[in-house]
Amino acid sequence: MRARGGGWTRRNVTALLAAAVALSVPVGCSEDSPQTHGPGGTAGSGHDRDSPRKGPGASIHPDKAPKVIRLIGDGSTSDTGPQPHQPKAEPLEPGEKPPQFVVFSWDGAGQDKQKLFSHFRAVGKKYGATMTYFLSGVYLLPAEKRYLYDPPEHRRGASSIGFNDVEGIRATVGQLRGAWLDGNEIGTHFNGHFCGRRRGVGTWSAREWISEIQQAESFVENWRTNAGLEHEKPLPFDYDKELVGGRAPCLQGRKNLIRAAAKLGWRYDASSPGGLQIWPRKIHGIWDFPLQQIPVPGRAFETLSMDYNFLANKPRKEKGKRPKRSTWGRPMRDGMLAAFDRAYEGNRAPLFIGNHFESWNGGTYMRAVEDVIKKVCPRQGVRCVSFKQLADWLDAQNPRVLEKLRVLDVGTRPPGGWKGYLAAEPWRTSARETAHERTSGHHTRTAKRERE
């Protein structure tokens with residue numbers, strides 16, 4: 001791995017959804033959940049800044065595949081220049097209302113027989129949404145080459161989510177290639193998805209996380225050799241440059257992961273459980289983009305903004321009978337829309353929605369996510385972006401403006417309206433608490449959470 005903001009260099013590696021559902025414990029995916037084992041077997045300047053975006057390339061870059069500039073390594077990846085369809089990040093004008101950002105992200109992204117990766121790429125293009133796809137590195141490693149993976153704290157060739165086959169790798173690479181050219185982000189969900197207190201990712205040191213990240217990059221950068229697909233087209237990006245963030249399995253091990261991420265020059269981490277719908281901050285120079293507490297319609301608690309959490313919180317029985325499983329995604333859809341509304345009409349904090357390419361309960365949660373994309377992304381003032389694009393926008397803002405945005409609590413409108421609240425004037429929060437400081441203990445009081 002080339003050094004990015006630190007002295008770390010690449011080692012020459014060529015290389016379940018986990019954590020039990022428990023009360024008052026922030027979680028996102030479970031060791032006991034029905035995980036499949038491997039997939040094979042903002043807008044720019046101008047008067048129209050707040051208008052709906054139509055298609056991922058609107059007002060950005062022309063839609064054409066870049067020419068290969070430089071093959072990398074065995075030709076699995078390549079440097080083709082700047083990524084297409086990237087919005088130009090510009091600071092807010094004085095008194096301007098912030099956009100309502102929504103980030104849809106996908107853990108363990110891979111293309112299998114369900115073809116959900118390709119489906120949601122098409123959905124994103126139709127409704128002007130770019131997304132973040134967190135790739136599990138072992139999805140580009142065939143099972144017969146499993147020994148190339150040397151996971152921290154586990155025997156060589158071990159993986160809680162298995163590996164892939166050649167056709168699954170070919171299909172996944174095709175979707176990764178298209179997703180990047182569409183303007184989406186390719187992040188990482190790391191490799192073996194080891195969870196729990198015994199040798200899980202929560203026990204790993206920063207050095208072990210760096211080894212895991214190096215190996216995830218190596219599997220992307222050597223998939224043609226490892227899978228015997230030397231004649232396939234390369235991925236059109238340099239993954240060493242592309243990879244700037246990820247989400248940890250089970251939302252565990254974040255403390256040392258962030259230390260590793262900072263050394264590697266990453267820009268964000270999306271592994272925090274139990275965050276609130278308030279404007280993000282940085283930790284050790286890394287943007288903290290947590291899964292957030294959002295409403296569960298008809299229940300007295302909130303849960304994390306992820307499909308698995310609504311799977312875990314099954315609808316209650318009515319008159320002794322539970323609703324049909326095909327309808328179980330409705331609380332997820334309605335909860336995410338309620339979360340969107342309280343941000344859109346309130347503090348305009350970005351909304352983070354996490355998902356998996358899984359057809360749990362007949363695909364009801366996938367339908368819920370698609371309904372939310374259809375309803376919110378075309379709305380005025382809304383930008384459905386990747387985590388990387390959100391980081392670009394945040395980094396382009398005046399720090400004082402961001403400080404003032406962080407003061408606003410969940411669903412709270414600025415006093416006197418946005419025009420006056422963000423007017424051009426010297427302003428600091430030195431004598432006031434931010435929303436993070438006032439609500440830092442809120443997530444411990446929530447009645448019920450789940451973990452990824």
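Predicted model: local features only at pLDDT ≥ 70, side-chain atom pairs only at ≥ 80, totals over all residues.
Where does Glu212 sit? Glu212 is part of helix 3. Is Glu212 buried or exposed? Its relative accessible area is 1%, and because buried means under 20%, Glu212 counts as buried. Sequence and space can also be compared here: Glu212 and Gly137 are 75 residues apart in sequence, while their C-alpha atoms are 9.4 Å apart in space.

**Helix 3 meets helix 6**

Now let's look at the helix that holds Glu212. Helix 3 covers residues 206-221, and its axis comes within 8 Å of the axis of helix 6, residues 254-263. The two axes cross at roughly 60 degrees, so helix 3 and helix 6 are oblique to each other. Their crossing is right-handed. Which residues make the contact? On the helix 3 side you can find Ala206, Trp209, Ile210 and Ile213, and on the helix 6 side Asn256, Leu257, Arg259, Ala260 and Lys263. Sorted by class, this contact has 6 nonpolar, 1 polar and 2 charged residues.

Next, find strand 4, which spans residues 100-107. How many of the residues of strand 4 are buried? The count is 8 of the 8, so strand 4 is largely enclosed by the rest of the structure. Both of its faces are covered. Gln100, Val102, Phe104 and Trp106 are buried on one side, and Phe101, Val103, Ser105 and Asp107 are buried on the other.

| Partner of strand 4 | Residues of partner | Sense | Bridges |
|---|---|---|---|
| Strand 13 | residues 382-384 | parallel | 3 bridges |
| Strand 12 | residues 351-356 | parallel | 6 bridges |
| Strand 5 | residues 132-135 | parallel | 3 bridges |

You can trace these pairings residue by residue. Gln100 stands opposite Val382 in strand 13. Asp107 has His356 as its bridge partner in strand 12, and Ser105 has Thr132 as its bridge partner in strand 5. Gln100 belongs to one side of strand 4, whereas Ser105 and Asp107 belong to the other.

Definitions and conventions. Residues numbered from 1 in each chain as written. Heavy atoms only, no water. Axes fitted to C-alpha atoms, helices over the stretch in contact; angles between N-to-C directions. Helix = DSSP H or I, 4+ residues; strand = E, 2+ residues; numbered from the N terminus. Parallel < 35°, antiparallel > 145°, perpendicular 65-115°, else oblique. Left-handed = near helix turned anticlockwise from the far one by under 90°. Contact = heavy atoms within 4.5 Å. Nonpolar A, V, L, I, M, F, W, Y, C, P; charged D, E, K, R; others polar. Buried < 20%, exposed > 50% of the residue type's maximum accessible area, 1.4 Å probe, protein only. Pairing = 2+ DSSP bridges.
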